[in-house]
Amino acid sequence: MTVATSANAYDFIVVANRLPVDRKIGADGEPVWQRSPGGLVTALAPVMENNDGAWVGWHGAPDETVEPFDQGNMHLVPVPLSAEDVEMYYEGFSNATLWPLYHDVIVSPEYHRTWWDRYERVNRRFAEAVSEIAAPNAVVWVQDYQLQLVPAMLRSARPDVKIGFFNHIPFPPYEIFAQLPWRARILDGLLGADLVGFQRQSDANNFLRSIRRLRGHIVRGSAVHVHDDAGTPTHISRAEAHPISIDTQRIIDLAKSPEVQERAKQIRSELGNPDTVLLGVDRLDYTKGIAHRIKAFGELLDDGRLSVGQACLVQVASPSRERVGSYLNLREEVEGLVGRINGEHDTLSHTAIRYLHHSYPVEEMVAMYMVADVILVTALRDGMNLVAKEYVASQDDQVGVLVLSEFTGAADQLRHAIQVNPHDIDGLKDAIVQAVEMPEAEAKRRMRIMRRHILSQDVTRWSETFLRSLSNEEIEVGAEK
């Protein structure tokens, strides 16, 4: 790996699997780059726009090399991936091995040595790309589970840089993580970072427990005193909880927009003006508990506790990893449930469930949030869940009700939601009825408290807090506490 020259050196670098842009065809027929939707981009784009930095990531098309380019206030450095890389590193090891393992083995992980080899090779490619553009003593912020080996690789090549890593998904308990054949290599990769950030304190604790059990480094509080094979101390790596948030002001501004408000009125009219609109917004992923909430809603209709016309469930299920078998099976299950429930309960004028297998721009999503009297966030396991926070931010009238899985990171902050165990279908049904029937004064009290938290803990606060902690120099290598 090489050190950047002054002509192409950057003091602040974000590294993620994807660049924060998508390629579209413009009105003139020429390709143009547009900012991508999604939680990671929503969280980090404001940070990049306020810093003179670069973003390193894949541009989204396999078997193609794209030269570095500028988009807005961001310098983008594409890392090329072949179709085989995408299949083995991304769809394979990242999303068929790590993703299910880190989400409590909701589906069984697959362990293939060829996938691991490709994961390691692609991580090295990302680390090399960073090394080539990082200025001396640069700050590098690596994002998420696809790139867990990058911190150690980068530290080996560029010991001058300050390295942060943030894990956007849960980190599993030791008893689950220990199943991974390459568990020690993953831990060593993460320990290359000066600061490893997690969504919840429980995730940081799980990580530190795995370090104690598998690596033998001295752990004092949040600090891991890393040593080399000879036992010589090398550096301190800290594990801390830094729960991510949203661009709160953007959601609030959209909710106040006359165009979005008018669209919200249109949506409610298009749904037949039911008394209560319930909303689910998710990627179509087995971790999100979509089938659980649909089953609960269907049983409430069967039981007569809710009725079509009185209540309508809108389920937005954005396409996700459609080449992975478990996702194809989930889509068939969800669409089968929706079809059965609608077939049994729809009337000529009203539908029970409006199922939308699409992605939507943020303006449309905020309009849907404003329509929703109740939002159902019933993930079986989720690092954070930004949908819950976006919904709270959009509720300017403060009358919406959030039903929130206790297995989301957001549950630690949004304690005045109706919290549920989504595996408990009867409990979930009771929570939905409680939300539908909640008195307006109680709904406003709960929402007011949650909005106060979201307003004070936005994405800018998250990034500032993480980067401030990353710059902490208080602990010295080998020092006793």
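Two aromatic rings of Phe, Tyr or Trp (its six-membered ring) pair if their centres lie within 6.5 Å. With that in mind, welcome to this predicted model.

**Stop 1: the rings.** Select Tyr 89, Phe 93, Trp 116, Tyr 119 and Trp 182, a cluster joined by ring pairs. Across the whole structure, a search turns up 20 aromatic pairs. For one of them, show Phe 171 and Phe 198: their ring centres are 5.9 Å apart and their planes meet at 75°, so the pair is edge-to-face. Phe 171 sits in the loop between strand S8 (162-166) and helix H5 (174-177), while Phe 198 belongs to strand S9 (residues 195-198), so the pair ties together parts 27 residues apart in sequence. Phe 171 is buried, at 0% relative accessibility, and Phe 198 is buried with a relative accessible area of 0%.

**Stop 2: the cores.** Next, pick Val 56, Phe 126 and Phe 207, which touch the most other members of the largest nonpolar core, a set of 103 residues. Domain 1 (10-241) and domain 2 (248-456) both contribute residues, so this core lies between them. Apart from it is another core of 61 residues, including Ala 255, Val 377, Met 384 and Phe 466.

**Stop 3: helix H11.** Finally, select residues 325-345, the 21 residues of H11. Which residues of H11 are buried? Colour Tyr 327, Leu 330, Val 334, Leu 337, Val 338, Ile 341, Asn 342 and His 345. They cover an arc of only 120° around the axis, which puts them on the same side of H11. Their packing partners are helix H2 (83-102), helix H10 (290-303) and strand S15 (353-356). Now turn to the face of H11 pointing away from its buried side, where Asn 329, Glu 332 and Gly 343 are exposed.

Definitions and conventions: Residues numbered from 1 in each chain as written. Predicted model: local features only at pLDDT ≥ 70, side-chain atom pairs only at ≥ 80, totals over all residues. Heavy atoms only, no water. Helix = DSSP H or I, 4+ residues; strand = E, 2+ residues; numbered from the N terminus. Expected span 1.5 Å × (residues − 1). Buried < 20%, exposed > 50% of the residue type's maximum accessible area, 1.4 Å probe, protein only. Arc of directions from axis to C-beta. Contact = heavy atoms within 4.5 Å. Core = buried A, V, L, I, M, F, W, Y, C linked by side-chain atoms within 4.5 Å. Domains from an automatic or database assignment. Phe/Tyr/Trp six-rings, centres within 6.5 Å; stacked < 30°, edge-to-face > 60°.
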